[in-house]
Amino acid sequence: MNQSIALGPLALPVAPLVALGCVCLGWLAGMLAVRHQKLDIDAQLALVLLAGLLGARSMFVLQAIDAYRTAPLSILDPRDGGWDALGGFIAAGAAALLLALRQRALAWPLSAALATSACVWAAAALLPGALQERTPQLPQLSLSALDGREVALASFRGKPVVVNLWATWCPPCIREMPVLQQAQQERTDVEFVFVNQREPAGRVISFLGARGLGLRNVLLDAQGQLAGELGAAALPTTLFFDSQGRLAGARVGELSSGSLAARLSSIAPRPAAAP
């Protein structure tokens, strides 16, 4: 269930590491496929990779285009985690096919590169779920609210739940707060819970007041229990649970309105508009 890997003082999100592994192993497979030939395919592999990146980003943006209309420049900032793997592999495959049609000798190495990357991605996506005995659930923990009340996370079940782990010293946490606040105001069908990590109530209250943030369901995790149970070493981390409390997705890093809308659609699709 770990969403990030701690390396000393650093916490690295798992998803980008998996993507990097796919690229590196795919590139290596392509190079090994031509090791006995006098064929330089570095440029072609780079073109296929670029096509894959553009395809993955474009497919994601198209799926969440309504959210990106309000902030079109955010389309150019892929740090929000807005990537669609299927779109990326389709675009990369199309680029590889075009290159192979122009130079048949490229067909085998490019196919080997793509097949290796796809297999690594599929294994990374499917293996953790296969090894887990059951779907991860919203933890059975009680945390303190800003007024001192004890609030059980289980009390939010019955609706889809978004749990955001954050801290006042975390710049990406601060940047995504307005996006999450707007979503909390608009999506009354979803419970948004903001769990501050290891900071006193006074500091959190002062921070929210200074920023003009009117967030509901702000809780304090003084010992970092929730982060430890969720395997979230990096901030911000946002977890998406369905109405039965089952983990449906996660995002390590800053959310944009587009990437948040896409992830909300997996736990709480908006009802279709009346004709």
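Leaving aside neighbours within four places in sequence, Trp166 is in contact (heavy atoms within 4.5 Å) with Cys173, Met177, Phe194, Val195, Asn196, Gln197, Val204, Phe207, Leu208, Val218 and Leu235. The model examined here is predicted, so local features need pLDDT of at least 70 and side-chain atom pairs count only at pLDDT 80 or more, while totals for chains, interfaces and linings use all residues. Residues are numbered from 1 along each chain as its sequence is written, and side-chain values use heavy atoms, with hydrogens and water left out.

Trp166 also belongs to the largest nonpolar core, a set of 24 residues in which Trp166, Phe192, Phe194, Leu208 and Leu264 touch the most other members. Such a core consists of buried Ala, Val, Leu, Ile, Met, Phe, Trp, Tyr and Cys residues joined through side-chain atoms within 4.5 Å; buried means under 20% relative accessible area, exposed over 50%, and partly exposed in between (1.4 Å probe, protein chains only). At least two residues of this core come from each of strand S5 (161-166), helix H6 (171-186), strand S6 (191-197), helix H7 (201-211), strand S7 (218-221) and helix H9 (257-267). H6 gives the most, with five residues. Apart from this core lies another, of 20 residues, including Leu143, Val151, Ala227 and Leu247.

Turning to the cysteines, one disulfide is found under a cut-off that takes a pair of cysteine sulfur atoms within 2.5 Å. The bond joins Cys170 to Cys173, with an S to S distance of 2.4 Å, and both of these cysteines are buried. The torsion about their S-S bond is about 80°, so the disulfide is right-handed. Cys24, by contrast, has its closest cysteine sulfur in Cys22, 9.5 Å away and too far for a bond; Cys24 counts as partly exposed because its relative accessibility is 45%. Cys119 is likewise in no disulfide, the nearest cysteine sulfur being that of Cys22 at 9.8 Å, and Cys119 is exposed, with a relative accessible area of 55%.

For the protein chain as a whole, the secondary structure comes to nine helices and nine strands, taken as DSSP runs numbered from the N terminus (helices H or I, at least four residues; strands E, at least two). The C-alpha atoms fill a box of roughly 70 × 50 × 35 Å along the principal axes. Of the 275 residues, 42% are buried. Among contacts between residues at least 6 apart in sequence, 71% join residues at least 24 apart.
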